[in-house]
Amino acid sequence: METALTSAPHSLSLSTDSHPFTSLRTKIAPISSFRFAKFALPTRFSLTSLEKCLIKVRAEADGAINVDGDQSDDFILEDVPHLTDFLHDLPSYTNPLKKTQAYAIVKKTFVSPEDVVAQQIVVQKNSPRGKHFRRAGPREKVYFTPEDVRACIVTCGGLCPGINTVIREIVCGLSTMYGVDEILGIQGGYRGFYSKNTVQLTPKSVNDIHKRGGTFLQTSRGGHDTNKIVDNIQDRGINQVYIIGGDGTQKGAAAIYKEVERRGIKVAVAGIPKTIDNDIAVIDKSFGFDTAVEEAQRAINAAHVEVESFENGVGIVKLMGRYSGFIAMHATLASRDVDCCLIPESPFYLEGQGGLFEFVEQRLKENGHMVIVLAEGAGQEYVAQNFHAADEKDASGNRLLLDVGLWLTQKIKVSWE
């Protein structure tokens, strides 16, 4: 059985003759700022909406951050680019949230410019502090006044539960919390910038879209033409771009930002990661993940009912999870009817002592049936050896995975013949 589920911190300034990894110490002055949407990236997930900047740094007692490659307490700061990197004299303004009743009475409304989040939670006493990411959240100073903002939102790539909720929250947040009146919706993905009309978005127009599936703005794969997109952004007077999408989409967002930087125009680009796989480090949860786990449990329950009805029944449930097995693992833990869970992070083998076939045989002797949950990215190296498939990619640039569910089904059948 198989199921498919559809369901901007600181600017850093280094002297031109310094290198982050030398023993030279260069002061990095903190600048409070409105930041791009910040998300952290794991090594297995190639989401690259914003260009990486790896810097070995040391925190001083006064809160400033200094480059120092020889200290034992060094840590790596993975930062994101900012408008002030190429618009050095950009004026800043008081965040409108200071005047909002809901926030004015809160003592810790804003995120400190020095706040970072560690990638590794568990470390040894004398080990390096490791990689850190800028903490996301509202800053005391912003670089746009509400009346000057003309924002747009675009959704790209495949569908995911919660896209409409994200659209709604961006619109309501910009309008209600920041006082922004001009918000446009780009229809049909990236190609909508230059081939379709826009739609005006207001809190009223998006009021109930979170109750619907899919994306209110429609979507598509591919269609990314950087120059055409940035030309359109300039022509429409847009200065904030919110891009909701996955791996390929965020690569496009990075290209848009680089073109914006090259032209020297005041346009903020915010990438919002769309992945139900929950495979982004240092965030609690990606949107759509809970829904995916809930739906996965239904498929597991159905498989369990079937295999219980047959002697030596084996049910294989293939779930989404290109590079990580969070959906498979959480659905397995929630179900309690799963005998074996295979995920990309944990290599497995089929034959021999300790292999999958030995385990299947053992469970069938004990139980008379079993359920295997399989993330789609698990065992791809074995499938490739059998089918000798070409390394093909979809319109968004993602590698097309081979059908590991079908492959494992055939292998188990052959092993029992």
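User: In which sense do β14 and strand β16 pair, and over how many bridges?
Analyst: In this predicted model, local features need pLDDT of at least 70, side-chain atom pairs count only at pLDDT 80 or more, and totals for chains, interfaces and linings use all residues. Residues are numbered from 1 along each chain as its sequence is written, and side-chain values use heavy atoms, with hydrogens and water left out. Strands are DSSP E runs of at least two residues, helices are H or I runs of at least four, both numbered from the N terminus, and two strands pair if DSSP finds at least two bridges between them. For β14 and β16 (residues 369-375), the sense is parallel and the count is seven bridges.

User: Which residue in β16 is the bridge partner of Gly315?
Analyst: The open sheet has three strands in the order β14-β16-β15. Within β16, the bridge partner of Gly315 is Val371.

User: Why is one side of β14 and of β15 left without a neighbour in the sheet?
Analyst: β14 (313-319) and β15 (340-342) stand at the edges. One side of each is therefore left without a neighbour, since each has a single partner strand.

User: Which residues touch the most other members of the largest nonpolar core?
Analyst: A nonpolar core is a set of buried (under 20% relative accessible area, 1.4 Å probe, protein chains only) Ala, Val, Leu, Ile, Met, Phe, Trp, Tyr and Cys residues joined through side-chain atoms within 4.5 Å. The largest has 68 residues, and those touching the most other members are Ile153, Phe193 and Ile256.

Conventions. Buried means under 20% relative accessible area, exposed over 50%, partly exposed in between (1.4 Å probe, protein chains only).
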